[in-house]
Structure formats: C-alpha cells, structure tokens
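Hi there,

I am passing on the structure we talked about, so please open it beside this email. After it come my notes on what turned up.

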Amino acid sequence: MVKTDIGYTTIDSIVVRGLDLSKEIIGKFDFVDMIYHTTFERLPTAREKIMVNAILVTTADHGITPSSLAARLTYAGAPEAMQAAVAAGLLGAGSVFLGTMQNAAEMLTEAARELGPDAGDEAVRDAARELIRRYKQERRALYGVGHPIHVNGDPRVATLRELSRAHDYYGVHWRLMDAVSQVLSAESKKNLPVNAVGAIASIIADMELDPMVARGLALVGRSAGLLAHLMEERKQPIGRAAWELVLQDDPRNQVP
C-alpha cells in the first residue's frame, strides 16, 4: 500500500487527510471544504469559503476565449475523448490568459513585502510607483489592469471588491492593486482599471494564500465552464465552423 500525506486506499476504505471518505466526508463536506481539507489540512472559515466560491464562480466562463475554443476544436476532432478537450482548454492557462492570476498574485506579494497591513495611502502609492518603474525597466508585463473587451472597466471587479470589503479581505494587496491602476492610468494617460485578474490576485494575496492557489482555483473553475462549452458543442457545434473560417481566410490552408 502506497501512502502520501494526502491519503491512501485499502481494500475496504479510502482515507483523505486522516478522514474516511465514505463515512466522514461524502455528504458532509461541500467542494470548497474538500479543497481546503486536501490542500491545507483544515476546513475553511465561513468567510474563506465565500471568497473561494466567488473565485470559482468568477473564473468558470468568459464566453468564447482561447480556452473554450481550444476545447471545442479538440472535441470536434475527438468527440470520444471529452477529457482531452477539457485538458486542451486548460493547457493554455499561462502568462497571457487565465494563469495570469498567479503572476499577478506573485507581483503583489513581492511588491507589498515591505508594506505593513496598516500602511498609509502614500506609502502604498509609492510602492505602486516603484513596482511600475521596476517592471518597465525590466520589461516585465504588469498584470491585473486593463481589458481588451471591458474597456470601460471589468464588471466583475466592483462585485469582488465589495465582497472583499464585506468579509475583511480588502487589505494592503487590494489597495496596492488599486494604486497600480491609478498611477499607471495617470502616467500613461489611458484608462487602465483593475481587471478580474487583479481582483482575484488581490483576494488571494490578502487571504495569505500561495499565489499558485490562484491559478489552481482558476483551472478548477474553468473546468466547469469548459464542460458547459462541450455540452453545447455537442448540440450546437461551432468548432468546425471556426476552423473553416480560418481555411477560408487563407487559401494555403488546405485539408489533406
């Protein structure tokens, strides 16, 4: 029998973090409870559960995105392997799409390291200026601001900010993210409001969770959205039509 700290299986039972799955978990834990139990070896507090649920819901879907399109196209080619289609949709979660929540959380955690929880507004603004200066000098991408579609502001952010305030998770990282948006908008003379990436990164950082958790929760949430896209693709396919549009635009792309 192979054991890890997470759990093990015997002929009669499945044990997860010391609890019997069949007798002590199923029917008693919800999914966020299980995430915390397996990952952090404890159950979430009520306010932690609210925030993690909000992140999972926020990341579930954003319409036709690279992840949903990749999933649909894979399903069009291999409808017998739904898991491959979901995997294809998740594999592109990197430093440009979806996975950027981890990058943003790392950015905020690093930049706020010298700021205490009660740092004044000017100190936070100075930290934002230094962050922007350093990232520009190093030619690194600044995460968490602006959006190619929601040019007037990401509609998800106000709700996530309000939820964070209501549950005491609007802390120094949220304040720093808001300051980065304000300073960068002023310097560039462009409207660059905080987007959902920045909001979720701020929540993760103010919850004192490992930035890796931001990407992990985004992947879990998006899996539910991809399942929905595949169910729709089976009934109302658009994957093949998208592929054919590419072929039409470039006559060199001929199907052998």
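Predicted model: local features only at pLDDT ≥ 70, side-chain atom pairs only at ≥ 80, totals over all residues.

Residues are numbered from 1 along each chain as its sequence is written, and side-chain values use heavy atoms, leaving out hydrogens and water.

The protein chain is split into domain 1 (1–44) and domain 2 (45–247), with bounds that come from an automatic or database domain assignment. Their C-alpha centres are 29 Å apart. Ten residues from domain 1 and twelve residues from domain 2 make the contact (heavy atoms within 4.5 Å).

Together the two domains bury about 790 Å², with 68% of it on carbon and sulfur atoms; buried area is the accessible area (1.4 Å probe) that two parts lose on being put together, summed over both. On the domain 1 side, Val32, Tyr36 and Pro44 lose the most area, together 51% of what that side buries.

Three salt bridges cross this interface (a side-chain nitrogen of Lys or Arg within 4 Å of a carboxyl oxygen of Asp or Glu). Lys49 also forms a salt bridge with Asp33, with the closest N and O atoms 2.9 Å apart.

Now the rings: the charged end of Arg47 sits over Tyr169, 4.1 Å from the ring centre, and Arg165 lies over the face of Tyr170 at 3.9 Å. Here the rule asks for NZ of Lys or CZ of Arg within 6 Å of the ring centre and within 35 degrees of the ring normal.

Enjoy exploring!
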